[in-house]
Amino acid sequence: MKIHLKRINKDYRFETTNERGDVVYLDNKSEENPQGASPMDLLLRGLAGCSSIDVVMILKKQKIELDDLEVEVEGFREGGVPNVFKGIHLHFIMHGEAPTAKAIRAVELSMEKYCSVSKMLEKAAEITYSITLNGEKIK
């Protein structure tokens with residue numbers, strides 16, 4: 001895995017490109033009009049994406065298709081320098097015909113076994129999660 005970063009203005013805007021050519025813009029969120037994600041924002045996005053891919057993959061292997069999946073992620077930082085995450089909470093919002101037990105198990109497997117981003121971040125931050133299925137909180 002390889003990423004290339006290039007500064008594209010006189011301030012804090014950067015363009016990052018991976019080996020496939022996918023582009024993501026970075027900026028300093030404290031700027032007046034940031035035009036990209038902050039590096040810490042990208043960590044939370046990466047966690048949401050990694051766990052979502054796992055959940056969909058686990059359920060697909062069981063022939064369960066979700067109609068919709070959303071994940072709301074909130075990171076809690078303690079202040080100071082470096083201002084690292086000390087806690088992260090993910091709320092999985094699922095819609096579809098997934099049985100409750102299978103939805104819970106898919107999220108558990110992702111968060112506790114498969115999600116590489118979660119496994120890396122849990123060394124620095126407490127990661128918790130909750131699940132809503134078809135409008136009902138199930139965990």
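A salt bridge, as the term is used here, is a side-chain nitrogen of Lys or Arg within 4 Å of a carboxyl oxygen of Asp or Glu. The model is predicted, so local features need pLDDT of at least 70 and side-chain atom pairs count only at pLDDT 80 or more, while totals for chains, interfaces and linings use all residues. Residues are numbered from 1 along each chain as its sequence is written, and side-chain values use heavy atoms, with hydrogens and water left out.

By the salt-bridge rule the count comes to five, and the stops below include three of them.

Select Glu108 and Arg105 to begin, whose side chains form a salt bridge with an N to O distance of 3.7 Å. Both belong to helix 2 (residues 100-114), where they lie three residues apart and are therefore separated by about one helical turn; helices here are DSSP runs of H or I with at least four residues, numbered from the N terminus. Arg105 has a relative accessibility of 44% and counts as partly exposed, a class that lies between buried (under 20% relative accessible area) and exposed (over 50%), computed with a 1.4 Å probe on protein chains only.

Next, select Lys60 together with Glu65, where the salt bridge spans 2.9 Å from N to O. Glu65 is partly exposed at 49% relative accessibility, and Lys60 is likewise partly exposed, at 43%.

Finally, select Lys119 and Glu122, which meet in a salt bridge of 2.8 Å, N to O. Lys119 is partly exposed with a relative accessible area of 28%, and Glu122 is partly exposed at 38%.

Definitions and conventions: Helices (H or I, at least four residues) and strands (E, at least two) are DSSP runs, numbered from the N terminus.
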